[in-house]
Amino acid sequence: MVGARLIVSDFVLSFMWVWVGVLAKMFVVKVLGLGHEPLGEVIKCGLSIVYMFLFAFLGKVTHGGAYNPLTVLSSAISGDFSQFLLTVGARIPIQVLGSIYGVRLLIETFPEVGLGPRLNVNIHHGALTEGVLTFAIVFISLGLARNIPGSFYIKTWISSVSKLALHILGSDLTGGCMNPAAVMGWAYARGDHITKEHILVYWLAPVEATLLAVWTFKLVVRPLTEKKKDSKSKSE
């Protein structure tokens, strides 16, 4: 029952995620008429933080619903084997499916939106970029979950600003996506979802970076916590 609820939540959130970013850009460009002006960019950044708060709230309401395979993968690696199987066998595929249907409906509704993020550098540079960005955001997310586990607003604010900053850093190179499911939706619409560039840059590199971030976090954090416990016990 819990697994079915998460799968449905993942599909809906993934579907919504590919819509909300495009709608925010269309609002700034078409409704406000600001285009690429500095004020328009500031408004887009503000809207990005607002809808990241919205999706964080929806994830909390749905008790774990997510739109990004990397988010659920980082949790599954630290969980039990049944959680890992559910994530790899059901949740990630359904997130991809939700993104594909979301992009398809989006293009049918607004044909002028284009065809999503593209790789603007060579494949190795792109893979390194997506890998570094993913490593950074996964490591930050793990740190926030451990150090401020109960503070939803502070944690979401830091996470949202971090994601936005990393997205801006990588936007001209790979799109700064850090979300294989969303990229898959756009790539499927273009027909290049099974190319070497797509698989290596937007799937293999982020997944490897996620694994590396989780293992590095465990390697770095556990010794620190053990040292703190030892120092406390000695002082007592």
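Modeller: Gladly! Phe-81, Phe-84, Leu-85 and Val-88 make up a nonpolar patch on the surface, and together they have about 380 Å² of accessible area. Patches here consist of residues with over 30% relative accessible area and no salt bridge, where like charges are joined within 9 Å and nonpolar side chains (Val, Leu, Ile, Met, Phe, Trp, Tyr) within 5 Å. The areas come from the Shrake-Rupley method with a 1.4 Å probe, and for residues only the protein chains shown count as cover. Please keep in mind that this is a predicted model, in which local features need pLDDT of at least 70, side-chain atom pairs count only at pLDDT 80 or more, and totals for chains, interfaces and linings use all residues. Residues are numbered from 1 along each chain as its sequence is written, and side-chain values use heavy atoms, leaving out hydrogens and water.

Leu-85 sits in helix α4, residues 81-109; helices (H or I, at least four residues) and strands (E, at least two) are DSSP runs, numbered from the N terminus. Leu-85 counts as partly exposed because its relative accessibility is 47%: buried means under 20% relative accessible area, exposed over 50%, and partly exposed in between (1.4 Å probe, protein chains only).

Arg-91 belongs to α4 and Asp-10 to helix α1, so the pair ties together parts that are 81 residues apart in sequence. Both Arg-91 and Asp-10 are buried.

The side chains of Lys-30 and Glu-112 form a salt bridge (2.7 Å, N to O). Lys-30 lies in α1 and Glu-112 in the loop between α4 and α5 (123-147), so this pair ties together parts that are 82 residues apart in sequence. Glu-112 is partly exposed, with a relative accessible area of 48%. The structure holds 4 salt bridges.

In the largest nonpolar core, which has 18 residues, Trp-17, Tyr-51 and Phe-55 touch the most other members. Such a core is a set of buried Ala, Val, Leu, Ile, Met, Phe, Trp, Tyr and Cys residues joined through side-chain atoms within 4.5 Å. At least two of its residues come from each of α1 (2-31), α2 (38-61), α4 and α7 (180-190).
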